[in-house]
Amino acid sequence: MKKTYNEYLREFLEYLSVTRNYSSHTIISYKTDLIQLGEYFFRSEEKSDENKLNEVIDLEQIDLNYLKSFISELSDPALRQKKYSKKTLSRKISVLKSFFKFLSFKNYIPKNPASLLVFPKLEKRLPSFFSEKEMGKLLDEKYITELKIIDKAIIELFYSTGIRLSELINLKIGNVNFSKRTVKVFGKGSKERLVPFGKKAEAALKNYLAIREICNINALEFLFINNTGKKLYPVQVSRLVKKNLSLVSDLKKRSPHVLRHTFATHLLDKGADIRAVRDMLGHESLSTTQVYTHLTPGKLKKVYKQAHPRA
């Protein structure tokens, strides 16, 4: 029995939420992309009903050529007001592959028409990161940089662990083990991992905890709270990081994620095992971590001088 497009979509999103344990942000992103496909289908079928996505649909009409046509329209700025980047198109193709793989698994369609979709070739961009000197100016006491206690604790923890923004704001006090100097992080898909942190991050966290209870009027378990006793919003942390990093760097990107890049780059520059860095970052694939294996010009010169017989 055929279903409406929305029924197929709801079943898929429920699978992502319950079985795959995807975050609400990821599910919203998937939903947006797939609604776009549904609207394209009914528009091309000349359906004009306002509730068109609630009409019964024959999924077998959506074959590989149909999906290529859909992606082609998204790629053509002449046909759309909004021009999508290759990275965004890659994400949309990935969503299509997942959706039709699910429909095939459920035997709603005989095969996955999206399996042969080709991802656009992306430009290889090295991740932005801060130098050791810049991080030292911001955080080392010898530079006498006056950071707010909470600012220093947050930036030290970002730099010491490489955790994501979402992971930091959801940390609870019970997730921090000072005796072992580790923090328990719940990453994408609520996957748990333990990440070590250093002595300087430990000191910054303890200084912050010494004054935290003054603001904790709502008895929250979250590690970081604002001065009104509420859980920090992502935008608050982003602004905090950007404001402080602007004091020591002219880098255009000054976000928490750049601190994650910095963490990984500095570890690998110092000879850390890439598999250990992968585990600390919470990457599923080693290839994701390999983007940080680029060498800085200074590192290249050092390797050259040490290794080349005529250096």
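## Ile217 and its contacts

Leaving aside residues up to four places away in sequence, Ile217 touches Thr228 and Gly229, where a contact means heavy atoms within 4.5 Å. This is a predicted model, in which local features need pLDDT of at least 70 and side-chain atom pairs count only at pLDDT 80 or more, while totals for chains, interfaces and linings use all residues. Residues are numbered from 1 along each chain as its sequence is written, and side-chain values use heavy atoms, with hydrogens and water left out.

Ile217 lies in the loop between H8 and H9; helices (H or I, at least four residues) and strands (E, at least two) are DSSP runs, numbered from the N terminus. Ile217 counts as exposed because its relative accessibility is 62%, given that exposed means over 50% relative accessible area, buried under 20% and partly exposed in between (1.4 Å probe, protein chains only). The C-alpha atoms of Ile217 and Asn227, which are 10 residues apart along the chain, are separated by 9.4 Å.

## The chain as a whole

The secondary structure of the chain comes to 13 helices and 3 strands, and 39% of its 311 residues are buried. Among contacts between residues at least 6 apart in sequence, 57% join residues at least 24 apart.

## Two nonpolar cores

The largest nonpolar core has 41 residues, and those with the most contacts inside it are Ile154, Leu168 and Phe224. Such a core is a set of buried Ala, Val, Leu, Ile, Met, Phe, Trp, Tyr and Cys residues joined through side-chain atoms within 4.5 Å. Several elements each supply at least two residues of this core, including helix H5 (132-139), helix H6 (149-161) and strand E2 (182-186), and H6 gives the most, with 6 residues.

Not counting residues up to four places away in sequence, the residues that Phe224 touches include Ile150, Ile154, Leu168, Leu205 and Tyr208. A second, separate core of 34 residues includes Leu9, Tyr30, Leu53 and Phe100.

## One side of helix H5

The buried residues of H5 are Met135, Gly136, Leu138 and Leu139. They lie on the same side of H5 because they cover an arc of only 165° around the axis, the arc being that of the directions from the helix axis to the C-beta atoms. What covers these buried residues includes H6, H9 and H10.

Ile214 is found in helix H8, which spans residues 199-215. Because its relative accessibility is 66%, Ile214 counts as exposed.
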